[in-house]
Amino acid sequence: MIKLYDTLTRKKQIFKPLKKGKIGIYTCGPTVYGPSHLGHARSYVNFDILKRIFLYNDYKVKHILNITDIHDSMIKKANELGITIKQLAGKYTPLFLKEVEELNIIHADKYPRVTENIPEIIEMIKILIKKGYGYVEEDGSVYYDVSKFKKYGKLSGIKLEEAKTGTRVNTDEYKKESVADFVLWKGWKEGEPFWNSPWGKGRPGWHIECSVMAKKYLGETIDLHAGAMDLKFPHHENEIAQSEAANGVKFANYWLHGGLLDIENKKMSKSLGNYIEIHEIKEKGYSFTALRYLFLTSHYSSKTNFSWKSLESAQNSLNNLYDKIRELKTEKNKKTKNKKTDKYKEMFLKYINDDLNVPRALALTWDLIKDKDVSNKDKYKLLLNFDQVFGLNLKEIKEIKIPQEIKELVKQREQLRKENNWKGADLIRKEIEKLGFQIEDVEGKSLIKKLNR
Ligand SMILES: [Zn+2]
């Protein structure tokens, strides 16, 4: 039994799939005009965990993630660079897919592109016009009349009464909290890419793509729609308005929203210029898995703060975990499992199935590591089992082969220490670190560890 906090009903709900043992998930994907930042990364990791939890519960998961390759910001950026939007998307779509792999995220089953779904988009807009929800303006733009959709605002809680009649939004970059008719199809402007439509040359508005792609790949009603909190309004509200008006049925049975990420206690914003792009993590000497570990330490729905200090401590915890794994892996003792291991598995499942309480499950993992009643063999097995959800690549952790060169240096250092030559010993320690290894002095012995970065 999986419980999820559904942001539409504002309650924790027991998940019931449309088809037994299966779940269809739709998540809003990136606009491919630049590298992803840490806010994106958190959102991708959050919903990867969601997916892994369903897989862990033996569900068959179908996940659709759209790629927005036509958008105001795509056009602006392409113009700045003097290239086509196709060239721009050709640069940043592969980068996004690479970022997904670097964060050890399970790939979506399909990454539909907007530009490959224009006929389907036109089709849905035609239905919306026919049903009286869409209207055409002189410039060939088509708008959605929000006053026609009586349930408008049900997700975000925004009141329709506050709508100013005749207010329209034409840009893809929207102002928060203002209810207005939104654009489904944008009439063509000089210098912009276009497709032919019954309303003349133009291109789709931003919101329509998700309604179309969810329907095309998952059906008129889908199990679960997820996205970051800042997409709730107007984007998701508009998706509901489009889909439910066009299809005449409920759009998504469950809605999940991920909390936003602050940077050093400040809201991420263009004006502050405090966006950190994913690749900067590696450049500063941290691993992408450490970033993933950091995200696991807070609940997906809560607002979280990123600081370099918190990443440093996540990297240390991860390194410790890897060291433990190496230790446990070399354990030769073949003790059979006791009741306590089942208890751990039970607790783990209980936590993750309770609205994805991964921070609690991660804390349980450390309790397990410290538990003297569980054999090392069993610990190792359980950790690999839990890692199906965490995705920290624990299976890949190899026993360390210490090169001869390092062994020699360690011997020299031990000799110098015996002679009380601390300065010399310290120089060798630094030399060893340069070569990617670390020495720890435990009970008179030198323990050699590999530096994990
Ligand atoms: Zn969307």
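Analyst: Happy to; we will look at a cavity and then at a pocket. Keep in mind that this is a predicted model.

User: How many cavities of 30 Å³ or more does a search of the whole structure find?

Analyst: The search gives 2 of them. A cavity is a space where a probe fits but cannot get out. Let us take the second largest cavity, whose volume is about 80 Å³.

User: Which residues line the second largest cavity?

Analyst: Among them are V45, N46 and I49, along with F295, L296, L356 and V358. Elements that give two or more residues to this lining are α1 (38–56), α8 (288–296) and α11 (358–370). The one giving the most is α1, with 3 residues.

User: What is the make-up of that lining by class?

Analyst: The lining of the second largest cavity has 8 nonpolar and 3 polar residues, and no charged ones.

User: And what about a pocket?

Analyst: A pocket, unlike a cavity, is an open set of points. The second largest pocket here has a volume of about 280 Å³.

User: Which residues lie nearest the centre of the second largest pocket?

Analyst: They are K19, K22, I23, G24 and K62, out of 13 lining residues. At least two lining residues come from each of β3 (22–27), β4 (60–65), α5 (208–218) and β10 (222–228).

User: How many residues of each class are in the lining of the second largest pocket?

Analyst: This pocket lining has 6 nonpolar, 2 polar and 5 charged residues. For the second largest cavity, remember, the count included no charged residues.

Definitions and conventions
Residues numbered from 1 in each chain as written. Predicted model: local features only at pLDDT ≥ 70, side-chain atom pairs only at ≥ 80, totals over all residues. Heavy atoms only, no water. 1 Å grid on protein atoms, 1.4 Å probe; cavity = no way out; pocket = protein on both sides within 12 Å on 5 of 7 lines; lining within 4 Å. Points joined across faces, edges and corners; volume = space filled by probe spheres on them. Helix = DSSP H or I, 4+ residues; strand = E, 2+ residues; numbered from the N terminus. Nonpolar A, V, L, I, M, F, W, Y, C, P; charged D, E, K, R; others polar.
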